[in-house]
Amino acid sequence: VTNSWTSPIVGPVGDGYQLITVAAPWVIAYQPDDGKEIWRAEHMAGDVAASPILAGDLAIAVEPNAQSVALGPGGTGIVTESHLVWRNEDAGPDISSPVTDGQRIFLVDGYGTLYVLNAQDGALAYEHDFEITVKSSPSLVDGKLYVLAENGTMFIGTPGEAGYTLEATAALGERCSASPAFMPGRIYIRGTSHLY
């Protein structure tokens, strides 16, 4: 492969597990126990940065500034066209990884635009513009969507069926590019100079 800035994921697909990687030009699935390649699909280009996710049995991958694609389970070998379930050319974040609740997929681009897609067909449900630079990935915790802007402002709201309702903001006062990490009762945030 030419390049990749993404992290691989391991998750249940069908009756087993798959390790899924994204690196231009391929999305590739491997057997986690022995590393044997299961399938690959040629849908990526550029400096891919967003890590893949699983929405049910669908593997979701993002080509920066271009598209998001969903690949279905059950394939072997090259499945570029045979297992392409949907393609959405509205949402292709350049850096941040998507997150899902299983029914919807949430993507935020570097300009702070939230795209909410239907997981089953990739249709754009709605957009929400935070109007601020975002480099970290969104987080979905207890039904709330957290978006951390590069200037250190956290946006907290509820993603409804027809729109995003902003409920609170919190300014850290330090630039942030890393995605926050959540544990029961705590949020860990890495700024440019401190860990909060």
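This is a predicted model: local features need pLDDT of at least 70, side-chain atom pairs count only at pLDDT 80 or more; totals for chains, interfaces and linings use all residues.
A residue counts as buried when its relative accessible area is under 20%, as exposed when it is over 50%, and as partly exposed in between. With a relative accessible area of 44%, Glu167 therefore falls into the partly exposed class.

The protein has 19 strands and zero helices. Its radius of gyration is 17 Å, which agrees with the value near 16 Å that a compact globule of 196 residues would have. Along the principal axes, the C-alpha atoms occupy a box of roughly 50 × 35 × 30 Å. Of the 196 residues, 47% are buried. Among contacts with a separation of 6 or more, 39% are made by residues 24 or more positions apart. The accessible surface amounts to about 9400 Å², and carbon and sulfur atoms contribute 50% of that area.

Charged side chains come next. Side chains of opposite charge can pair when their charged atoms come close. Five salt bridges are found in the structure. One of them joins Glu167 to Lys144, with 2.7 Å between the closest N and O atoms. This pair brings together distant parts of the chain, since Glu167 sits in strand E17 (residues 164-171) and Lys144 in strand E15, 23 residues apart.

A second salt bridge pairs Lys135 with Glu150, whose closest N and O atoms are 3.1 Å apart. Here too, distant parts of the chain are linked: Lys135 belongs to the loop between strand E13 (124-129) and strand E14 (139-141), while Glu150 belongs to the loop between strand E15 (144-148) and strand E16 (153-159), and the two are 15 residues apart. Lys135 has a relative accessible area of 33% and so is partly exposed. Glu150, in contrast, has a relative accessibility of 11%, which means that Glu150 is buried. Lys135 and Glu150 are also part of a network of salt bridges that includes Arg175. Elsewhere, Arg40 and Glu37 form a salt bridge through their side chains, at 2.8 Å from N to O. Glu37 is partly exposed, because its relative accessibility is 32%.

Finally, the backbone has some features worth a look. Most residues other than glycine have a negative phi, and most peptide bonds are trans. Against that background, the peptide bond between Ala24 and Pro25 is cis, with an omega of about 5 degrees. Pro25 is located in the loop between strand E2 (16-23) and strand E3 (26-30). Asn65 is not a glycine, yet its phi is positive, at about 60 degrees. Asn65 lies in the loop that runs between strand E6 (58-63) and strand E7 (67-71), and its relative accessible area of 64% means that Asn65 is exposed. Glu131 also has a positive phi, near 55 degrees. Its place is the loop between E13 and E14, and with a relative accessible area of 67%, Glu131 is exposed.

How values were computed. Residues are numbered from 1 along each chain as its sequence is written. Side-chain values use heavy atoms; hydrogens and water are left out. A salt bridge is a side-chain nitrogen of Lys or Arg within 4 Å of a carboxyl oxygen of Asp or Glu. Buried means under 20% relative accessible area, exposed over 50%, partly exposed in between (1.4 Å probe, protein chains only). Helices (H or I, at least four residues) and strands (E, at least two) are DSSP runs, numbered from the N terminus. The radius of gyration is taken over C-alpha atoms; the globule rule is 2.2 Å times the number of residues to the power 0.38. Contact means heavy atoms within 4.5 Å. Accessible areas come from the Shrake-Rupley method with a 1.4 Å probe; for residues, only the protein chains shown count as cover.
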